[in-house]
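Hi everyone, thanks for making time.

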Amino acid sequence: MVAQRNYVITGAHIVPVTGEPFDGALVVTEGKIAALGSDVEAPEGHESIEAAGRWVLPGLVDAHVHLGIHEEGEGWAGADVNETTDPVTAAARAVDAINPTEVGFDDALAGGITSVNVNPGSANPIGGLAVAIKTHGRIVDEMVLRSPSGLKAALGENPKRVHGEQKKTPNTRLGVALTMRKAFAEARGWAEKPVEDRPVDLVSEALVQVLDREIPWRQHCHRADDIATAIRLADEFGYELVLDHGTESHKLADVIAERGIPVLYGPLIVSRSKVEVRHRAPAAPGILAAAGVKVSLITDHPVVPIDFLMHQAALAVREGMEPSEALRAVTINPAQVLGVAERVGSLEVGKDADLVLWSGDPLDTRNRVLRTWIDGLEVYAYDQETRTGSVLERW
């Protein structure tokens, strides 16, 4: 592969996502998108890459994964997703546990995913701080887009089961909500003290970022009643709410739309493995989008392998979602929810050159990723003759 940061992709069908698709060219200069259009020519000193009518899209964004902290095939050695010893671990940071050499990062590049949001798990009512990162790099600090990008919390079955098995609070849904209320009340009291009188309290410090609306509250919830509790708590404490999973959110689509709450829906390709996901519905993303909800599609990797993100978008289209909405749900919508849309999520002048060359329409699952670039650097290429893909070495 060529480590090239100044080039022009010509003869492409370009899908900017935030604008109408067109046939033309896209110029990359020093890792940024410098120009794109139907009559753009290559500047001097830029290599020409002929797309031959293939599709160019922005790198995909998966706003809910456990990539690098829940390593596939590693058992307990790679399971750093849940700190289950305390129901409130708001100060724990996903960034401290990410292994950027985990094989899932290679799968992400092969699937065209160039940005992800890595979350702690859902064992605790309050799990910890998420981080938005690029999917290629030597160490995680070089990959960060936004840190923290939200505070992960969980309602429903997981926290009540995990801590109920330990014979401690919470072991019911009402206990989970109580745990959250107590934590926020303590954080509010801590913040009201003069700065010089505040004891060191990393948990309260993290929660105050949510109360001050500096970062969103990332609420894991599936059932409609848990979604209602999530909204109730957000109303009580006034924070910015994002619904993660939202399996039954389509049942409350009008309520969610009226309040302007984004939904990170998924995973779609999954079994009914527990009671709260028995009503999973591939038609839900389309129902939500039609109601005016900002929808993103997520894999919850490794629950669904990350390279199946676009397969989920195709499934949502088959079940009624508009194709343009499905593409937004894996690009600009999650970028906006993560607060990184000024850099990624669409093809616009000045944004990072996170690009994916597809063999054709990506919503047709017979097509595939041929090349992936991050910050203008080619990080993945597929050889059609040998039917193998290769990833740029991180070291």
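**A quick tour**

Okay, let's start with threonine 135, which you'll find in the loop that runs between strand E8 (126–134) and strand E9 (144–154). Before going on, keep in mind that this is a predicted model.

So, is threonine 135 buried or exposed? It's buried: its relative accessible area is 0%, and the cut-off for buried is under 20%. As for what surrounds it, leave aside the neighbours within four places in sequence, and threonine 135 is in contact with a whole list of residues, including Leu67, Phe105, Met143, Ile374 and Arg394. Also on that list are Ile113, Thr114, Ser115 and Val116.

Now compare another loop residue. Glycine 260 sits in the loop between helix H6 (253–259) and strand E12 (263–265). This one is exposed, because its relative accessible area is 58% and the cut-off is over 50%. Look across to valine 293 as well: it is 33 residues away from glycine 260 along the chain, yet the two C-alpha atoms are separated by 6.9 Å.

Next up, helix H8, residues 309–318. Why do I call it largely enclosed by the rest of the structure? Because seven of its ten residues are buried. Those are Leu309, Met310, Gln312, Ala313, Ala314, Leu315 and Ala316. And what covers them? The cover includes strands E6 (60–65), E7 (113–118), E13 (295–297) and E14 (355–358), along with helices H7 (284–290) and H9 (323–328). After H8 comes glycine 320, with a positive phi, near 120°.

Let's step back to the annotation. The UniProt record, an unreviewed entry, has "domain: Amidohydrolase-related" over residues 55–376.

Last stop: empty space inside. Rolling a probe the size of a water molecule over the atoms shows where empty space is left. How many cavities of 30 Å³ or more does the count give? One. The largest cavity holds about 40 Å³ of space. Its lining is made up of Ile33, Pro58, Gly59, Arg343, Val344, Gly345, Ser346, Leu347, Asp352 and Asp354. Sorted by class, that's four nonpolar, three polar and three charged residues.

That's the tour, and I'm happy to go back to any part of it.

Terms used
Residues numbered from 1 in each chain as written. Predicted model: local features only at pLDDT ≥ 70, side-chain atom pairs only at ≥ 80, totals over all residues. Heavy atoms only, no water. Helix = DSSP H or I, 4+ residues; strand = E, 2+ residues; numbered from the N terminus. Buried < 20%, exposed > 50% of the residue type's maximum accessible area, 1.4 Å probe, protein only. Contact = heavy atoms within 4.5 Å. UniProt positions renumbered as here; feature names shortened; annotations may be inferred. 1 Å grid on protein atoms, 1.4 Å probe; cavity = no way out; pocket = protein on both sides within 12 Å on 5 of 7 lines; lining within 4 Å. Points joined across faces, edges and corners; volume = space filled by probe spheres on them. Nonpolar A, V, L, I, M, F, W, Y, C, P; charged D, E, K, R; others polar.
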